[in-house]
Each structure stands twice: as structure tokens, then as C-alpha cells.
Amino acid sequence: METKKTSLYQLHQDCNAKFVEFAGYQMPIQYSEGIVEEHKFTRNHSGIFDVSHMGQLFIYGGEDLIKDLEKIFPLDLKNLKLNHSKYSFLMDKDAGIHDDLIITKTKEGFLIILNAACKDNDFKILKELLEDKYKMVLDENRSLIAIQGPKSSEILNGVINGVKDLNFMSGNWFTFENQKVYITRSGYTGEDGFEISIANDFVDQLTRELINKGSKLIGLGARDTLRLEAGLCLYGHDLDKDKTPVEANLKWAISKERISKGDFIGSDIIIKQLNDGVSKIRVGIKPEGRIIAREKTKIFNQSDVHIGEITSGTFGPSVNGPVAMGYVENEFSKKNTKVFLEVRGKKHPASICSLPFYRKSYVKGVN
Amino acid sequence: MSEVKYSKEHEWIKLDGDVATIGITKHATEMLGDIVFAELPEKGSSVEKDGTAGVVESTKAASDVYTPVSGEIVDTNQAIVDDPSKINQDPEDSAWFFKLKIKDPSEMDTLMNKDDYDKFAKETSA
């Protein structure tokens, strides 16, 4: 299959991007300044991320759709306010995670943002589960960019007036060059920011205007270090079909209201795990010193027993040190538990820590 | 001081008497990106030509560092372990990796001069 290009491909080239293939797309891994500078620029100023490879699934419908989606997602969608968003997952009957996603209630139905590598499969699963009752569009005609970091609100508001009044995890339709753009105040970096859904033909112009106002394009490399410092999961690494939301330590994203009734896909396992506990759980892991423990690194306890594995690990530029997360046996998941990480045949000391590694207060409206 | 030579694994080597200083090339650092971790061989250990003699890691991945000649490690550069970003800043001078007492001077003849290396680097990265 030929690799696809996003509508910002030319702009990426103009900005000297290095490209990698990611989920079937040619995506920028970094630009000329490099991952560390791009990471810091996002934390201190404002960075723009091309996330057009992600799926934008519009499902059209009313009350019936809400009821049907509640059979799928562990969310209280009935009481979700118009234009408000929730983080959630598409699970199988064993509560294994097919994908993690952001779902937003719109006037016409719902907008679901899906991972690039999962979107086609998600579409198939959802179409089947919804029995073809609703119009579903996995929109290839719209691009998606994220603008993240402390200066982003001011910069974006200078181009699209009014966005600065959005609350965290809520959105609305705005206008750019007579085009309808859907903007939510959200992101995946641990910074204040926005995600903008805009017609392919206008994304280049919008992005260039944001760059002119002081933001910069940031590659997938820095997106990864930013999300990991923020303690956020990457599907296919920290989450997959062999892990449940409870094991992934994401039970905060499951509606309490819905658990009491338990009538969604995977609810039997979720309820059982919430009551009985889990055997493995996702934790933050801080290596001592500078050693970097990457994905698949084995984790040992103090008696040299294998107790788990790293699922994401890198160097955190804002933490100025290595950061990692992974799954360990539940009894070793307590904060400050000493563990050892096997890197290149040697065992290096580390400790279990709470997430995120890097915390910044979000804008008003946080829950 | 002799001419600086280069290996296909992107190390440079400068011989002074029977002690060689070894580091990685600017071209290597450009391919790696921001270097955030460096591990060096132990002083007093023996290394064989083309064997591993350290590790560098960027935010993206880990890469082995090889020694272009055999010998005994006599010194290592702790400064790049403490601050690996120095490797990106000055790879072919102050950010050297290790010094070794060479075992077989003829191994130097298998390495490239600057012109050949530049050509090799350009061809392999194209």
C-alpha cells in the first residue's frame, strides 16, 4: 500500500522535516531544531502538531444514538453537555482495548477522534455494533492539527477570535476564511491547547498564519516525549487488546454512574476487576541516573524476580532525565517501590513513581 | 600528531604516539539527533577492532559505539556522560569518547581519510 501524505506535507518539507512512516502515512518525526528544542518550545511557547492521520469519525443521530453508544462506551453520554468531550476506549467483551479515543457531543451527534493505526478497524467495529442505523463518516476531507503550550490560546485567538473562552475538554464551531472549523480545548502534551478540525484545502493557510504569529511545527518525536512526561498512554505500546482500562490505571475515565448499571461492552470484566483488583497495573517508573529503559525492558523486584515490562520509555527533556511507564505485578505497584530494569544485560535501579512526571495546571474548567 | 581517520561506523580516531583518541563524527550526531545518554567502556578494559565500546542514545533510539582499532582503554571522557548534549555541540573535538593504547598500528591503514569518509557519509545517507 502506498503511504499517504497529509495536506500539510508541503509545509513540512518547507520546514525541513525528517519524515517517517507512521500508520501508513508519511509523518514528520522532527524538524531542523530537533526533538529536545521542539519539546521545550512547546512547553514554553506554542507548538503545532499535524495529527491529520488520526481518524475523525462523525456519527449522526439523536436520543437513540446516545442509548446505542452507551452500550459501547463506559460513559454517561446522556448527561454529557453539548460540545463537551470525554476520553474513553473502544473495548472488546473481555474489556481489552481496541483503541483509546476522545468523544465529543455535537449538535448533529458525536465526533470521535481515533488513532491512525486503529481508525479503519474501529469504523468497522462501530458500524457493526450500531447495526448500520446511523450515518457514519470517517472524514478524509478534514485535517486535524493540535496547537499546544502556554502561548497557544493567545496565538490561536489572534487568528480565530473567541477560542480563548473555551473551557478545557469542550469545543465549538468557529469560522476561518468562511470555513466551518470545529475546535476543542484539548490535547495530548500536558499543556493547555486546542485541536482544530478543518477542511484539507484550508489547513495549510491556517497553519502558516499560526506560525507567523509565533507558533512552530513540532514533530512526532517531541509529541512522544511530551505525552510520556504527561503520563499519557500511547496505543499499541501502553494500551492494547491484552490490557483493560482498569489494568491501564484509567478507571477515572469510566463513569461511576455506568458501572453501577454495568450494561456496556466489557462491563463484566471491568466490574470484576474494580471489585477484586487486578494482577498487573500500569505505573510510572523513574530510573536512577541517566539510563534510558525503553519499551520491552524487563522489570525485576529486589529478589531478582521478573515482575513486569516497560511499555514506553525515553528521555524527558523537561524532567531532564529518563522517564518510563510500564506494567508491574500489583503488589509492586506502590509508589517508591524499588525495582530493577534490565538494559543491555545489566540491571539498573529504578523506582515506581506517580504520574505525570511533569505537571502543569490546565486552564479553567478542569472537572 | 597524525591525520584523523574515520570508520564506516562513523567513528573518528586521532593517533598521538601509541595512544588513540576516539569519538563519533558530526555526521553521526546529525543522524542520531539529540543525544541524551552516553555509556563508555571501563578504563583498563581491552577492546577489539569493530567491537562495541559504548552506547549513545537519542530521544528516539539507542546505538552502539564501536572501536575502529584494538587496544586497552586508558581514559574516558566523563564530561559527555554527565552532559551528553556536549556530543551534539562539539563531536569531533572536546566531546571525544575514550582513549586507548593501540595494539596493532597497521589497523589504522584499514580506515578512511577525511575525503573518503565525507564521500562515504554522503553516499550512505542519500
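Biologist: Which domains does the assignment give for chain A?

Modeller: This is a predicted model, in which local features need pLDDT of at least 70 and side-chain atom pairs count only at pLDDT 80 or more, while totals for chains, interfaces and linings use all residues. Residues are numbered from 1 along each chain as its sequence is written, and chains are lettered from A and ligands numbered from 1 in the order in which they are written. With bounds taken from an automatic or database domain assignment, chain A has domain 1 (1–231) and domain 2 (279–353).

Biologist: How many residues does each domain of chain A bring to the contact?

Modeller: The centres of domain 1 and domain 2 of chain A, taken over C-alpha atoms, are separated by 30 Å. Counting residues as in contact if their C-beta atoms, placed from the backbone, lie within 7 Å, the contact takes 9 residues from domain 1 of chain A and 8 residues from domain 2 of chain A.

Biologist: Which elements give two or more residues to the side of domain 1 of chain A that touches domain 2 of chain A?

Modeller: Helices here are DSSP runs of H or I with at least four residues, and strands are runs of E with at least two, numbered from the N terminus. On that side of domain 1 of chain A, the elements giving two or more residues are helix H2 (35–44) and H7 of chain A.

Biologist: What is the bridge partner of Ile299(A) in S17(A)?

Modeller: Strand S16 (residues 298–300) of chain A is joined by 3 bridges to strand S17 (residues 306–316) of chain A, and the two run antiparallel. In S17(A), the partner of Ile299(A) is Gly308(A).

Notes: Two strands pair if DSSP finds at least two bridges between them. Two residues are in contact if their C-beta atoms, placed from the backbone, lie within 7 Å.
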